[in-house]
Amino acid sequence: MSQNNDKLLQIQKIAELKPKHFADLVRAAQLIYDPTAGLSGRHLKVDWQDFGVPMDVVDNLKSLGQQYQYASPHIPVEIVWSQLTPETRIWFMANKDRLWQFEEAFPALDED
C-alpha cells in the first residue's frame, strides 16, 4: 500500500469518514455544480454560504461536481480525497453527517 493510501486510511479513521460520507460529498458537489440536476429550462442561483459552505469550498466542490456531473457518487475515496483542497477537507470532516441534507433541498439527480 502506498504512503498516500496509508495517510488516507489514518485520516478516515481519525475523522470517522466512511464511503457513504464520500458519496454524500460527491452528490453535494454535483448539486453545487448544477442545482437543477440538468433539468432544462430551470435556472437556480444559490447562495451556498446560506447552506454553510464557504466560497473557497464552493469553488472546489463545483470543480468536483462538474467532473463527476453524471457519474455514480460511489467514486473511490482516495480519488475524491486527492481532489479536495485543504479547506474543503476540513469543511468536509466537520460537515460529513449533514451532507445528505443537500439532496433534500434540491431535485433528485436520478429517479430510478
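Predicted model: local features only at pLDDT ≥ 70, side-chain atom pairs only at ≥ 80, totals over all residues.
1. Overall architecture. The protein comprises six helices and zero strands, so that from the N terminus on the order of elements reads α-α-α-α-α-α. Of its 112 residues, 38% count as buried. Among the contacts with a separation of 6 or more, 76% are accounted for by residues 24 or more positions apart.

2. Packing of helix 2 on helix 3. Helix 2 spans residues 19–33 and helix 3 spans residues 55–67; the two pack at an angle of about 95°, and their axes lie 7 Å apart. The angle falls in the range of 65 to 115 degrees, and helix 2 and helix 3 are therefore roughly perpendicular to each other. On the side of helix 2 the contact is made by L25, A29, Q30, I32 and Y33, and on the side of helix 3 by V58, L61, K62, L64, G65 and Q66. By class, the residues of this contact are seven nonpolar, three polar and one charged.

3. Packing of helix 3 on helix 5. The axes of helix 3 and helix 5 cross at roughly 100° and come within 9 Å. Helix 3 is therefore roughly perpendicular to helix 5. Helix 3 contributes D56, V57, N60 and L61 to the contact, while helix 5 contributes E87, T88 and W91. The residues of this contact divide into three nonpolar, two polar and two charged.

4. The nonpolar core. The largest nonpolar core holds 25 residues, and L25, L61, W91, F92 and F102 have the most contacts inside it. Two or more residues each come from helix 2, helix 3, helix 4 (77–82) and helix 5 (86–95). Helix 2 gives the most, with seven residues.

5. Surroundings of W91. Leaving aside residues up to four places away in sequence, W91 touches L25, G52, V53, P54, V57, L61, R98, L99 and F102. This list includes L25, L61 and F102, which are themselves among the residues with the most contacts inside the core.

6. The salt bridges. How many salt bridges does the structure hold? There are two. In one of them D24 pairs with R27, with the closest N and O atoms 2.5 Å apart. D24 and R27 are three residues apart in helix 2 and are therefore separated by about one helical turn. Both D24 and R27 are buried.

7. The link from helix 2 to helix 6. R27 also forms a salt bridge with E103, the closest N and O atoms being 3.0 Å apart. This pair joins distant parts of the chain, since R27 lies in helix 2 and E103 in helix 6 (residues 100–105), 76 residues apart. R27 counts as buried because its relative accessibility is 19%, a value under the 20% cut-off. E103, by contrast, has a relative accessibility of 31% and therefore counts as partly exposed. Taken together, D24, R27 and E103 are linked in a network of salt bridges.

8. N60 in helix 3. N60 is located in helix 3. Is N60 buried or exposed? With a relative accessibility of 10%, N60 counts as buried. The C-alpha atoms of N60 and A29 are separated by 8.6 Å, although the two residues are 31 residues apart along the chain.

9. P73 in the loop. P73 lies in the loop between helix 3 and helix 4. Its relative accessibility is 14%, so P73 counts as buried. Which residues does P73 touch, not counting those up to four places away in sequence? They are F22, A23, V26 and R27. P73 and F22 are 51 residues apart along the chain, and their C-alpha atoms are separated by 7.8 Å.

Note on methods:
Residues numbered from 1 in each chain as written. Heavy atoms only, no water. Axes fitted to C-alpha atoms, helices over the stretch in contact; angles between N-to-C directions. Helix = DSSP H or I, 4+ residues; strand = E, 2+ residues; numbered from the N terminus. Parallel < 35°, antiparallel > 145°, perpendicular 65-115°, else oblique. Contact = heavy atoms within 4.5 Å. Nonpolar A, V, L, I, M, F, W, Y, C, P; charged D, E, K, R; others polar. Salt bridge = Lys/Arg side-chain N within 4 Å of Asp/Glu carboxyl O. Buried < 20%, exposed > 50% of the residue type's maximum accessible area, 1.4 Å probe, protein only. Core = buried A, V, L, I, M, F, W, Y, C linked by side-chain atoms within 4.5 Å.
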